[in-house]
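Dear colleague,

Please find the structure below, which I am handing over to you. My findings follow it.

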Amino acid sequence: MVQEKKMVVFLDYDGTLSPIVNDPDRAFMSDAMRLAVSEVGKRYPTAIVSGRSRDKVFDFVKLNNIYYAGSHGMDISTPSDYVKNGNHKHQTRAIDKKMLACHRCFNYCIQSLEMAQREVELQPMDAFGFHDLDIVDHLQGNEMVNFLPAQEFLPKIQEIKKVLQEITTKIKGATVEDNKFCISVHYRCVINEEDVGILKEMVNSAVESYKDFKIFGGKKVMEIRPTVNWDKGRALLYLLDNLGFDNSSDVLPIYIGDDKTDEDAFEMINCIGRGFPIVVSSTAKETKASYSLRDPMEVNSFLLLLGKWKGSSSVDKSADSSIEGKKRVMASIDI
Ligand SMILES: O=P(O)(O)OC[C@H]1O[C@H](O[C@H]2O[C@H](CO)[C@@H](O)[C@H](O)[C@H]2O)[C@H](O)[C@@H](O)[C@@H]1O
């Protein structure tokens, strides 16, 4: 029975939580979607796995009750609670300032500390031997473990970015986006088809000289990534493990995504042999997903149902049928 399983929800960002738009900086998610994701995050461990940099996707989503994996999973931050293998090659322990700055308790904790200081006759904070971040760590135990399998490539990535920026100045409408561990060359706004061809040729030949880098295709975008053996599928497995769900046969991962890079996550779920790989597409396409939703609007409705589903036993029953219903609806939608 699905009710007895522990669901873990993974969501792609662009084209899944936000509609595809011309300007990547304006791919905002709606408040209704934010509410739905937040509700899902209250009931199930939830992570967004995006091609964007982790900071950028957080700036769009702005929710503190979910996890974020940026740069196609090459930038993951998880609480240290479940990380057993602390000496993992690509892991470092840190305090995530961005997350903490937005934490609801942050101001309260600082205020409490200031009050405590007043009570011990206004000693300066340093007298306690804490720096700001240590204080927060001490009060909230918010140590994070960052997993950065492509960190060594950062200087090269910046070098490639400059080369690509130079190239895109020659093509009207082309832009470069820095996603920290990968660089995106966008051509959605290149009107002239011939120019798209020229751009692709120039990018291909520039990247060819960087042996450790590869170009991946997406939606009117070329993504230049280091050839580390890592993708959204491996990120899904890493997150399951580091959120405390390793080897649990009762865990059901749900992954919702619209793009080629999400196929690795669908494949991983198929490999695990349990879970729901859901593609977002309004047209028939080849996919490793078993279910589909048409567009972000349908994703929103699905997440709202999912968010309500686990409430009480009576809700469980109706929601169980709605999940089954969703399967039936999805079965009739092309995938
Ligand atoms: O893994 P994702 O979260 O889906 O990110 C993949 C890429 O998404 C963004 O580009 C796409 O969406 C843009 C905004 O709607 C659109 O303008 C662009 O044409 C799409 O390719 C993002 O800007 C890229 O950096 C991500 O790699």
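Which polar backbone atom is 2.5 Å from an oxygen atom of the ligand? That atom belongs to V21; a polar contact here is a pair of N or O atoms within 3.5 Å. Please note that this is a predicted model, in which local features need pLDDT of at least 70 and side-chain atom pairs count only at pLDDT 80 or more, while totals for chains, interfaces and linings use all residues. Residues are numbered from 1 along each chain as its sequence is written, and side-chain values use heavy atoms, with hydrogens and water left out.

The ligand is surrounded by 21 residues, the closest being V21, E177, R188, K219 and E223; a residue counts if one of its heavy atoms lies within 4 Å. Strands β8 (183-186) and β10 (221-226) each supply at least two residues of this shell.

As for the protein chain, it holds 11 helices and 13 strands, which are DSSP runs (helices H or I, at least four residues; strands E, at least two) numbered from the N terminus. Of its 335 residues, 48% count as buried, meaning under 20% relative accessible area with a 1.4 Å probe, protein chains only. Its accessible surface comes to about 16800 Å², with 51% belonging to carbon and sulfur atoms.

Yours sincerely

Definitions and conventions
Buried < 20%, exposed > 50% of the residue type's maximum accessible area, 1.4 Å probe, protein only. Areas by Shrake-Rupley, 256 points an atom, 1.4 Å probe, with all protein chains shown as cover. Polar contact = N/O pair within 3.5 Å; in protein donor to acceptor, adjacent residues only side chain to side chain.
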